[in-house]
Amino acid sequence: YYTRGADDEGHAANFVETEQVLVVVRVPGAASPLPGVAPPGPRAPWRGSYVQSRGSVPLFWSQQGMQYKPRPQLHRTPAQNAAVLARHARSQAAHYGKPVAMLSLL
């Protein structure tokens, strides 16, 4: 729980994946549940999912305590941090497909 950052391969600490699955069963005479998407057949429900992953900021960093003050300290060089962030982004795109959106809450 107290681990921060990423390892050399770009794996973020505290990584969690959540998937929401939606199954829509056709109601006779009803319109499609999504604009531009054909409604499911009478015996074939429409399935979709949304995957969200979260983890520590994939850089080499640390901080004192659990508060965000003082600000996190970056370790290693800017080039090494950029490289590990790129490895993380590539692995996310390879696993989940594109686009990959990243948001920092720091």
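The expected span of a helix is 1.5 Å times one less than its number of residues. Helices (H or I, at least four residues) and strands (E, at least two) are DSSP runs, numbered from the N terminus. This is a predicted model, in which local features need pLDDT of at least 70 and side-chain atom pairs count only at pLDDT 80 or more, while totals for chains, interfaces and linings use all residues. Residues are numbered from 1 along each chain as its sequence is written, and side-chain values use heavy atoms, with hydrogens and water left out.

The elements with stated residue ranges are as follows.

| Element | Residues |
|---|---|
| β2 | 46–54 |
| β4 | 73–74 |
| α1 | 78–96 |

Helix α1 has 19 residues and reaches 27 Å from its first C-alpha to its last, close to the expected 27 Å. Its buried residues are N81, V84, H88, Q92 and A93. An α-helix has 3.6 residues a turn, so residues three or four places apart point the same way. The cover over the buried residues of α1 includes β2 and β4. Just after α1, G97 adopts a positive phi of about 90°.

L74 lies in strand β4 and is exposed (over 50%), at a relative accessible area of 56%. Beyond its neighbours within four places in sequence, L74 is in contact (heavy atoms within 4.5 Å) with L59, F60, W61 and N81. L74 and L59 are 15 residues apart in sequence, and their C-alpha atoms are 7.6 Å apart.

How values were computed
Buried means under 20% relative accessible area, exposed over 50%, partly exposed in between (1.4 Å probe, protein chains only).
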